[in-house]
Amino acid sequence: MAYTPDRSQYPQKKADGSLDIDLTSGKYLKLWQGPQHPGITGNMSIELTVCGDEVAEGRTHVGYLHRGFEKLMERRTFIQNFPIVCRICVPEPDFNEYCYAAAVEELAGIEVPERADWIRALILEMGRINSYLMYLGGQAGALGQAVIGQWSTYVRDLMLDRFEELTGARIYHMFIMPGGVRDNLPTGFRTRMEHTLGEIENALRDIHNVMFRNAVFEKRTRGIGVIEKEWLDSYGVTGPCIRAAGVPRDVRKDQPYLVYDQLDFDPVIGKDSDIYTRADVRRRDLLLSVDLIRQILSRMPQDDGPTMATTPNVLHWKIEPGETYVRGECSRGEYGYYLVTDGSGYPRRVNVRGPSYTHAMALFERMVVNCNIADVAALLVSLHTYPPEIER
Amino acid sequence: MPEGKGYKKLKAQTSLADILSVATEFERTARDFYSDLAGKVSKNIRYLVEELAEEEQRHFDLFSELSRRKDIEDQVSQLVDTPASNGKFSDCIHLPELGDKPDDQEVLQFALGREHAAMEQYHSLAESTPAGPIQDLFRFLADEETQHKNELEKLYYEIVHSGGV
Amino acid sequence: MSIRNILSPFTAWKYLFRDPVTIPDPLNDRPGSPRYRGFHKNDMKKCIGCGTCEAICQNGAIDMVAVEGIDASKEDSGLRPNIDYGRCCWCALCVDVCMTGSLTMSNEYKWVESNPDAFRFTPGVDKKHWDNAALGYHRPDGYQLTGRVREQMPELEPAKRIESFDEIVQGYDVEQAKLEADRCVACGLCIATCPAHMAVPDYIAAVRDGDYERGLKILYDTNPFSQICGRVCTHRCETVCAARHEGDPIAIRWLKRHITEQVPRDRYRAIIGDPAPPTGKSVAIIGAGPAGMTAAYDLARKGHAVTVYEALPHAGGMTRYGIPEYRLPYETIQHEMDLILSMGVTIHYDTRIGSDITMQQLEQDFDAVILAIGLQMGRSTRIPGSEHAGVKKAVDLLRRITEGEHIDAPKSMVVIGGGNVAMDIARSMARLQKQQHGSIDVTLTALEDLNHFLADPDEIKESLEEGVNILDSRGPQQCQVDAEGNLTGLKTWKVLSIFDQQGRFAPSFDETDEQIHPAEMVVEAIGQMSDVNLLGEELTERLEWNRGRIQIDTNGRTSESWLWAAGDCVTGPDVVSAVAAGHQVAKSIDAVINPVEALTHA
Amino acid sequence: MIELYEQLKQRYALGEISVQRFDLVFITVPRENLASLLLYLRDTEGFTHLVLLTAVDWIEDNKFQLTYLINNRESATDLGLRVIIDRDEASMESIHDLWPTAATYQRELKEMFGIDFPGSPRIDEDFILEGWTEIPPYRRDFDTLEYSRDTYLERPGRSTSDPAQHMKQLFYPEDKD
């Protein structure tokens, strides 16, 4: 059982309910975690006000990585935007490519070849696996288990090889473009992918044994960092975070996109809503992705047909006025693009909704209160946040 | 051009120098004819006639030079190797009477007729002459005229058969 | 918590006995995948310097630079993409959009330099170790970012069009024109090739935007024969179009026509605008064809008093008297001419210089004179029998048809010639035959083989569709006349070869392959010449000539300081070249007769 | 979705509706109705998930469009509420009391578009841009290219040629226009 202290005294509150933190009292201390800190996820920092080893207040600071993508996109043509969107999320860039392409296709009225939908789903699941593998290393690392990161990096690298041979690049794939995908699967891809999936399953067995069936890990994560039921809607919680709270929300199932309505799966859920459960939901979701990839490869059209729809000449492609929102279920939750067009050759507005935007800001700031300093890193990682999708 | 007479005259000759002198005479007459014509035709097609006169002058110079050379036999057999195609030409074979004011097409047709006649003449001379330096010389002369005729023919088609819009 | 969860982590020890998974020598043992988007390659033989790669690069990483040793030509700007690897993100949009497929990527991804400027390089020019890499990203088959297929032009069906002289080409509708205009990548390679240097990408952009008034303004800035050129231009622009490398060239001519059709005719004058105030200078122009009327338009717009002398009853020159109405309706020409005349141009029809007025008179009365008399006289083969009354010249017949004269169509006829004039007369006579006899019997013989016809491929195709019997590689030998003196046909020989190695005419014939083509009429359409008799002997002698044509300088000025010459009579047959020449002489004349004005405008 | 629209119309003044997909509809609503509409939709109609809150700058009309995208997780449908507000001294009522997470969105909108949400927690705190002195950068009249030219050095030594201009210089330089 986790230790449950009496929270009634700290931090003290003012009459209006806000925290009464007087730094000169000597009771409180400012503690910065990040932007350079091993216990931080990417380029962000958290400003902690601690009382003893307990956090009284936490503030997320972002802006170390702001590139103004949404604004940049307003002065690039619809095709020119396709290579830049992937940069909004480094470890899992494909959702940007997919959501952007799908939004453009929807507003431009372009029908994508079915083959491209299958390949898109394949890529998104491959990206999800990579994202989870990176997370597992981070989650374990936040609790001192460096070896997990080494194992997951190895199998992730194998998946990067698959990305490289399919898309022509390892990190920024730039393969899903408005109109479809660039190409069919290379010859022999299925065999090599099957080998990679096998390696991933092996690695996950080891990770399960060493990380999850581990007394230390359990002690540090069970009952800690619980997302309360009533926060789920207040803080826009999605993805494994909401599924670990027992709510079977998964865009792939709820509002199936691409070919997900043709695949057999159930959303992976947990019930305790703590760090351990979220990690476990992600581990099982990873295995689900392995299964989905196998399903996709066996069910998709086996021949090499067209993968791109005919688009207008991309050099002066204009789209009628309209607005839409396209979402997908990424490894961290709901990823979505809100696209507004005005009849010109450029988007009027693009807004990127990354799950970290709510998770790492308002939700984290709520959750970190009363948290033990030593658990902050694990808590933050357990929300699986990627700062660039917060500030874009 | 008095074809029969020239043929007889050439055929009668046995010495290389004499043959050359007759041929030289041919070219001189032609040059003088064109030079004379140049003054008569309209200025816009004068270039054609002047070019023809120049060409004949070139032949004339060539023959004059040949007849002066000591090593003429070697020289001729060397030159004989140059092959020249002899494609048939059609609507220009018929020699028109050149009036006072011939147009470009008439001038060209006339010139082509002349070259053709000369070419045939040298060919037949060569055929009725036993192998040796004299035959080689006729062959050479025939090739010269053939080449010139080919050039003129190209010019003819370029000017007359321009194709239209 | 169980004992298992304490022991389980120790399974990690098994990794002690595993081989490392890292690649021992990644610099050499780790080639990029076959479709890896590595360093760029550019095939110098294919690249045309269209700059589309630069246009699509969202990083601004590409500059188009002139390269030593690569000369520009009409179909190649000579520029080559220089890529800044400090900016490139290897998205390969440049490869995808490349109009010729010259730009590709290798699977090489390692490149070490100490000089950062070395990473700005011109692929294909700066030799790199990956230039011959077999693997790397190429645009996959069937994948396209720009349209490849030309919009089909609606046309009358052959059976329908042979019934009358109605215009065959119907013109694009707005939807089609937008789609066709959309294919253009606006590289502008075509501008240099267009004799009038029309701003092609700009007016195509106007079609895309649906802004036809803007389009019309752009057209008439450079071409007062836009309606005419939109129908019958030789469209050399389309032969250098970047789109032709991996698809159909843009239908530039049809788009021009489309603009002129979309603007109501009563709006033209207002869009083009009024001419400048009068300058008090005067110019005479001989010949109301494209060259003469273009010069008239330009000079009148500059405020000069322009008088045009036309020997025939209508303006338009060869566009009217040479081109059949099914290709170019007379009322279109008339509208174009009226527009030019509305700029304040005076025209005297049925007035022949040389007989009605002399050149000397014009020299005296005007500040400058332009000779734009075209090529009105048909050439004859002068084969035996060609002097027969049944042997006609195509240009004469076409002129008579235009004038509305009744022509007795022969039951059978032969046309000699493989150019557009030959097609025009064959198709015109076929229509008359159809009207008068209900059936068509037109044989067309040409020296050239079908692949070397001077006529446009469209003309050949449409002639065949309309029932014209085309016999290629036939050399005319004789017009056959029977004992009663009636023309009975044409004798031809087979042409074995027509060009020599330099591509010059040097036909050779096979006499044994002789054919007689029965015909009541033979029409010669082998070429045209200028009727320069109007100059008079004295002026002819004074002028300098260049191989049969009046010698002009680059501005179209002759050796006589008051006389300029332009159009087919000096540059050979082509509408748009004549328009260009018209502009040229107008500019030159304006600079000479109105030097101050020209200077301030410069 | 159309039924919902008809039903809402009985109670609220609504603007135009655009049906984008069977599961996505945008409705323009007057700003004064927004809060009560959101409350109703959240508590009664099941639109419990605030997907995003963002703005579009219609500078030509001198208006901002605020888009409140809410999602009904049970019926898997999305509803976008568009509120058009004045661009001058732009200000809007905060909805952080309905969704605490909205405070983050509002803070960003304040910074990036200059739209104020009085009462929203930490609304004046810098979000991404510390020490920003220019106009709010996501406004259409902020020119990113100009800003980057003013702020950063161009790499020297680059120059490019337009193919058409280049060919003109080579083949017909005498033509002026």
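# Burial, contacts and strand pairing

Analyst: Of chain C's 602 residues, 52% count as buried. The model is a predicted one, in which local features need pLDDT of at least 70 and side-chain atom pairs count only at pLDDT 80 or more, while totals for chains, interfaces and linings use all residues. Residue numbers start from 1 along each chain as its sequence is written, and chains are lettered from A and ligands numbered from 1 in the order in which they are written.

User: What makes a residue "buried" here?

Analyst: It's a neighbour count: with C-beta atoms placed from the backbone, a residue is buried if 20 or more other C-beta atoms lie within 10 Å of its own, exposed if 12 or fewer, and partly exposed in between. By that test, buried residues make up 35% of the 177 residues in chain D.

User: Why is I123(A) called buried?

Analyst: Because I123(A) has 26 other C-beta atoms within 10 Å, and the cut-off is 20 or more. I123(A) sits in helix α4 (residues 114-142) of chain A; helices are DSSP runs of H or I with at least four residues, strands are E runs of at least two, and both are numbered from the N terminus.

User: Which residues does I123(A) touch?

Analyst: Leaving out residues up to four places away in sequence, I123(A) touches D94(A), H173(A), F175(A) and I176(A). Touching means that the C-beta atoms, placed from the backbone, lie within 7 Å. For a sense of scale, I123(A) and R87(A) are 36 residues apart in sequence and 16 Å apart in space, C-alpha to C-alpha.

User: Why does N370(A) count as partly exposed?

Analyst: Because N370(A) has 14 C-beta neighbours inside 10 Å, and that number falls between the limits of 12 and 20. N370(A) is in the loop between α12 (356-367) and α13 (373-382) of chain A. Its phi is positive, about 75°, although N370(A) is not a glycine.

User: How do you know that chain D is more spread out than a compact globule?

Analyst: Its radius of gyration is 23 Å, well over the 16 Å that the globule rule gives for 177 residues, so chain D is more spread out than a compact globule. The radius is taken over C-alpha atoms, and the rule is 2.2 Å times the number of residues to the power 0.38. Along its principal axes, the C-alpha trace of chain D spans about 75 × 40 × 30 Å. Chain D has five helices and five strands, in the pattern α-β-β-α-β-β-β-α-α-α along the sequence.

User: Why do β1 and β3 of chain A stand at the edges?

Analyst: β1 (29-33) and β3 (54-61) of chain A each have a single partner strand, so one side of each is left without a neighbour in the sheet. The open sheet has three strands in the order β1-β2-β3 (chain A), with antiparallel pairing. Neighbouring strands are turned by 25° against each other on average, direction ignored.

User: How do you know that β1(A) and β2 of chain A pair?

Analyst: They share five bridges, in the antiparallel sense, with β2 covering residues 45-51; pairing needs DSSP to find at least two bridges. W32(A), for one, has E47(A) in β2(A) as its bridge partner.

User: How many residues of chain D are in contact with chain A?

Analyst: 29 residues of chain D meet 30 residues of chain A. On the chain D side, β3(D) gives the largest share, six residues. That side divides into 16 nonpolar, nine polar and four charged residues. Nonpolar means Ala, Val, Leu, Ile, Met, Phe, Trp, Tyr, Cys and Pro, charged means Asp, Glu, Lys and Arg, and the others, Gly among them, are polar.

User: Where do chains C and B come into it?

Analyst: Their contact takes 38 residues from chain C and 24 residues from chain B, and β17(C) gives the most to the chain C side, with six residues. Chain A and chain B, by contrast, do not touch, and their nearest C-alpha atoms are 35 Å apart. Chain B and chain D do not touch either, with nearest C-alpha atoms 25 Å apart.

Technical notes:
Contact = placed C-beta atoms within 7 Å. Axes fitted to C-alpha atoms, helices over the stretch in contact; angles between N-to-C directions.
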